Amino acid sequence: MAAVKNISPADAYTLTKKGALIVDVREHREVESKSFDVPDVMVLPLSRFSSSFSDIPSKTKVILACRSGHRSASAASMLMNKGYKNVVNLQHGIMGWEHAGLPVKKQPAQNPLTSLMKMFRKQD
């Protein structure tokens, strides 16, 4: 079994411009606050990965990503064990991607007090 290849955020971005698919294995709540701002992104949380990996196209270059690169490395290994050949892991995950100045979408920060007020506000 070959080891999973890690690629830099800059190299991953270049691959996305050539049609590679980013598969983000973070949970939905994580993706809601910050996500990759590129056209081809599939969100497939690691918690559902083993039952849904077949949704990932096998003939496309696939870049596995998470927050820091650890969960995605596990997912990349799983894919390789299932016969996928064009799989790489995004080194340092979305943290490295953002640090490299690559495009991300962020949810506006919310004041924690606002959330509490909404919880206790009377419904009409």
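Which residues on the other side of α4 are exposed? Keep in mind that this is a predicted model, then select residues 70–81, which make up helix α4. The exposed ones are His70 and Asn81.

Stay on α4 for a moment. Its 12 residues reach 17 Å from first C-alpha to last, close to the 16 Å expected at 1.5 Å a residue. Now show side chains for Ser72, Ala75, Ala76, Leu79 and Met80, the buried set in α4. Look down the axis: the buried residues fall within an arc of 140°, so they line one face of the helix. What covers them includes α3 (46–52), β5 (62–65) and β6 (87–90). Following α4 you come to Gly83, with a positive phi near 100°.

Next stop, the aromatics. The whole structure holds 3 aromatic pairs. Pick Phe36 and Trp97: the ring centres sit 5.1 Å apart with planes at 85°, so this pair is edge-to-face. Phe36 belongs to strand β3 (residues 34–36) and Trp97 to helix α5 (residues 93–99), so the pair ties together parts 61 residues apart in sequence. Phe36 is buried at 2% relative accessibility, and Trp97 is buried at 0%.

Finally, select Phe53 and Tyr84, an edge-to-face pair with 6.3 Å centre to centre and 70° between the planes. Phe53 is in the loop between α3 and β5, and Tyr84 in the loop between α4 and β6, so this pair links parts 31 residues apart in sequence. Tyr84 is buried at 9% relative accessible area; Phe53, at 19%, counts as buried too, because the cut-off is under 20%.

Definitions and conventions:
Residues numbered from 1 in each chain as written. Predicted model: local features only at pLDDT ≥ 70, side-chain atom pairs only at ≥ 80, totals over all residues. Heavy atoms only, no water. Helix = DSSP H or I, 4+ residues; strand = E, 2+ residues; numbered from the N terminus. Expected span 1.5 Å × (residues − 1). Buried < 20%, exposed > 50% of the residue type's maximum accessible area, 1.4 Å probe, protein only. Arc of directions from axis to C-beta. Contact = heavy atoms within 4.5 Å. Phe/Tyr/Trp six-rings, centres within 6.5 Å; stacked < 30°, edge-to-face > 60°.
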